[in-house]
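Trainee: Could we go through this chain together? I would like to begin with how its strands are arranged.
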Amino acid sequence: MALVRVPAGALYPVVTRSLIVAVLTGVAFDSAEASAYYCAPMLTSRLPSRIEPYRLAARGESLNGLMALDRFERLAAEIGPQSGDCQVWLDFAIDAQGRREIRGRLEAELQLPCRRCLVPMPQDVASEFLLGLVTSDTLAAELPHTHEPALVESEQLNLLELVEDELILSLPQVVYHDEAHCSVSRDQLSSGEELVSNEPAPASPFEVLRQLKGKP
Ligand SMILES: [Zn+2]
């Protein structure tokens, strides 16, 4: 299969996740550059749909667990129905400037439609993100560009929505089967190929989301 675009942050965990040795607790937030996650070999617990992030940040806690992919309706509208789980790692902290933040990572195997034949094909996606907790749009605008805003209402953060947003942002724009395995050959697609390469892709909801979040 050919992958046209992989988010810059996605390669690192894919390539090295089996090599990363767990780095835990206080040292994890000493450096803004630190990418320290506890990589359990297998996550088994289910994450709740809503969490209280300020409390978790005050305690410097971590939340790791699974979310069922079939709960994400916007994702399904974009790429079709999914099964299985998304693995999520979240570290909560208060940084040196007093900001409440979440460093997170997710991994999932999605079924993405091949752009050529539309038959779903398995595709690993992974994403790392840094979120700043805010209680209003005004405060969100004051966050440095290193942080994506995560809106907290009545002490609660909608984790389901947040993980779905990050999953959608981590989608590759286009995937193809290897030509040998695709049910539509290049010959059959001689006119369609041009359509794929020359015409701009139709605007998609997650492209809008990507721009709103300031991701490339
Ligand atoms: Zn195909």
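Mentor: One term is needed at the start: two strands pair if DSSP finds at least two bridges between them. Please keep in mind that this is a predicted model.

Trainee: Understood. Which residue of S6 is the bridge partner of leucine 106?
Mentor: The partner of leucine 106 is serine 127.

Trainee: In which sense do S5 and S6 pair, and over how many bridges?
Mentor: They run antiparallel to each other, with 13 bridges. The two strands form a hairpin, and six residues lie between them. Leucine 118, in the turn, has a positive phi of about 70°.

Trainee: And is the pairing of S6 with S7 parallel or antiparallel?
Mentor: That pairing is parallel, over four bridges, with S7 covering residues 148-151. There, leucine 131 stands opposite glutamate 148 of S7.

Trainee: What does the secondary structure of the chain come to overall?
Mentor: The chain has seven helices and nine strands. It is 216 residues long, and 26% of them are buried.

Trainee: Let us turn to the core. Which residues of the largest nonpolar core touch the most other members?
Mentor: They are Cys86, Val88, Leu106, Ala108, Val163 and Leu167, in a core of 35 residues. Helix H3 (73-79), strands S4 (85-94), S5 (100-113) and S6 (120-134), and helix H5 (159-169) each contribute at least two residues to this core.

Trainee: Which of these elements gives the most?
Mentor: H5 does, with six residues.

Trainee: Is H5 mostly covered or mostly open?
Mentor: Mostly covered, as nine of its 11 residues are buried. The buried residues include Glu164, Asp165 and Glu166, together with Leu162 and Val163.

Trainee: Back to alanine 108: what is it in contact with, leaving aside neighbours within four places in sequence?
Mentor: Alanine 108 contacts Leu69, Cys86, Gln87, Val125 and Leu167.

Trainee: A last one: why does leucine 133 count as buried?
Mentor: Leucine 133 counts as buried because 23 C-beta neighbours lie inside 10 Å, and the cut-off is 20 or more. This residue is found in strand S6.

Trainee: Which residues does leucine 133 touch, not counting those up to four places away in sequence?
Mentor: Leucine 133 touches Pro53, Tyr54, Ala57, Arg100, Glu101, Ala150 and Val152. Proline 53 lies 80 residues away along the chain, yet its C-alpha atom is separated from that of leucine 133 by 7.8 Å.

Trainee: What share of the chain's contacts with a separation of 6 or more is between residues 24 or more positions apart?
Mentor: Such pairs account for 62% of those contacts.

Note on methods: Residues are numbered from 1 along each chain as its sequence is written. This is a predicted model: local features need pLDDT of at least 70, side-chain atom pairs count only at pLDDT 80 or more; totals for chains, interfaces and linings use all residues. A residue is buried if 20 or more other C-beta atoms lie within 10 Å of its own, exposed if 12 or fewer, and partly exposed in between; C-beta atoms are placed from the backbone. Two residues are in contact if their C-beta atoms, placed from the backbone, lie within 7 Å. A nonpolar core is a set of buried Ala, Val, Leu, Ile, Met, Phe, Trp, Tyr and Cys residues joined through C-beta atoms within 7 Å.
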